[in-house]
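Please read the following report alongside the sequence and the coordinates.

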Amino acid sequence: MPMPEKRPDSGPRSIAVFLGTSGSGQALLNILGPLLDKDTRIDLQGVFAIDDDLRHAADLPFVKELCRLTYRVREFHGAEYERSIALRTRTSRRALEQLAQRTGVAFTFHDVRGATVSLLQKTVLSADMTLFEPLRLFVTHQVSTPAAPRLRRRRFVVAIDDREIGAHALEAVTRLSNGRMQDVTVLISARTMADVDAGQAFVRSHLPADPADIIFVPQDGLYGLIDVARAKRADMLVLGASEETLKSESLRSLLERLPCPVCLVRSWLGSVSYTH
């Protein structure tokens, strides 16, 4: 199995963890940990998104809270929403801070308010790599569930819908998977590379070993890639942050149609070497 080696970068890389769309974000941090262990200089940015539409909904008289354990319904007001948001923000910050301290990377954290898709767009444009979880119904109380082992094997799917930014996505998935290409499936959009041989050669030239599978997706657009990623039961979808991907409708599809976390990559080449 190829093993990663640390070597200095030309400058610090920025990784944004976009929180607030789902639970505590622990699933993101578990995946991110091995990458931080292998890098020398990273700026880790925690961004907790507070959706204005949810805040406005909390003030409506007919909005109620449903307990997922007892199925009891009770009154829910704006003040309760703000208390819950404050608790979730503190919990997310503490988890991210502990990860930064363990791996020795620089760390910042802030909350932002607005429309979730717009906030995600701005976050992606401000970082080299952005990780986020799919959008879930807002929960006011965290429910404790057994955490998955931090170092368990995970299935990564990397989708190539733009040749240039796809090279960065392949580099990123190599690092997120800790160089375990047997855990990586590559999807190639037919509109990006119609020639099968050329597509396979492109993928192999940017990975340290052959991936588990290379699949050409005939259906154009992001929807086709998302459908295959769902079918593959991916633990994370890695995708280049192309102009097409950053459109509002594309980001909303990633937030709403996927059951797994997403990693959007703007720039990530040549920072870690792998040797057999």
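The report below describes a predicted model.

## Confidence

The chain of this predicted model has an average pLDDT of 81, and 76% of the residues score at least 70.

## Nonpolar cores

The largest nonpolar core holds 46 residues, of which Ile 15, Val 186 and Val 238 touch the most other members. Apart from this core lies another, made up of 29 residues that include Leu 119, Leu 120, Val 157 and Val 262.

Leaving aside residues up to four places away in sequence, Ile 15 touches Leu 32, Leu 35, Leu 36, Ile 42, Asp 43, Leu 44, Gln 45, Met 129, Leu 131 and Trp 268.

## Rings and charges

The ring of Trp 268, a residue that Ile 15 touches, has the charged end of Arg 13 over it, 5.2 Å from its centre. The charged end of Arg 257 sits over the ring of Tyr 223, at 4.4 Å from the ring centre. The count of aromatic pairs, by contrast, comes to 0.

## Strand E8

Strand E8 covers residues 156-160, and because 5 of its 5 residues are buried, the strand is largely enclosed by the rest of the structure. Phe 156, Val 158 and Ile 160 point one way from E8, while Val 157 and Ala 159 point the other way, and all are buried.

E8 runs parallel to strand E9, residues 184-189, to which 5 bridges join it; within this pairing, Ile 160 stands opposite Ile 188 in E9.

Key. Residues are numbered from 1 along each chain as its sequence is written. This is a predicted model: local features need pLDDT of at least 70, side-chain atom pairs count only at pLDDT 80 or more; totals for chains, interfaces and linings use all residues. Side-chain values use heavy atoms; hydrogens and water are left out. pLDDT is the predictor's confidence in each residue, from 0 to 100. A nonpolar core is a set of buried Ala, Val, Leu, Ile, Met, Phe, Trp, Tyr and Cys residues joined through side-chain atoms within 4.5 Å. Buried means under 20% relative accessible area, exposed over 50%, partly exposed in between (1.4 Å probe, protein chains only). Contact means heavy atoms within 4.5 Å. Rings of Phe, Tyr and Trp (its six-membered ring) pair if their centres lie within 6.5 Å; planes under 30 degrees apart count as stacked, over 60 as edge-to-face and the rest as tilted. A charge sits over a ring if NZ of Lys or CZ of Arg is within 6 Å of the ring centre and within 35 degrees of the ring normal. Helices (H or I, at least four residues) and strands (E, at least two) are DSSP runs, numbered from the N terminus. Two strands pair if DSSP finds at least two bridges between them.
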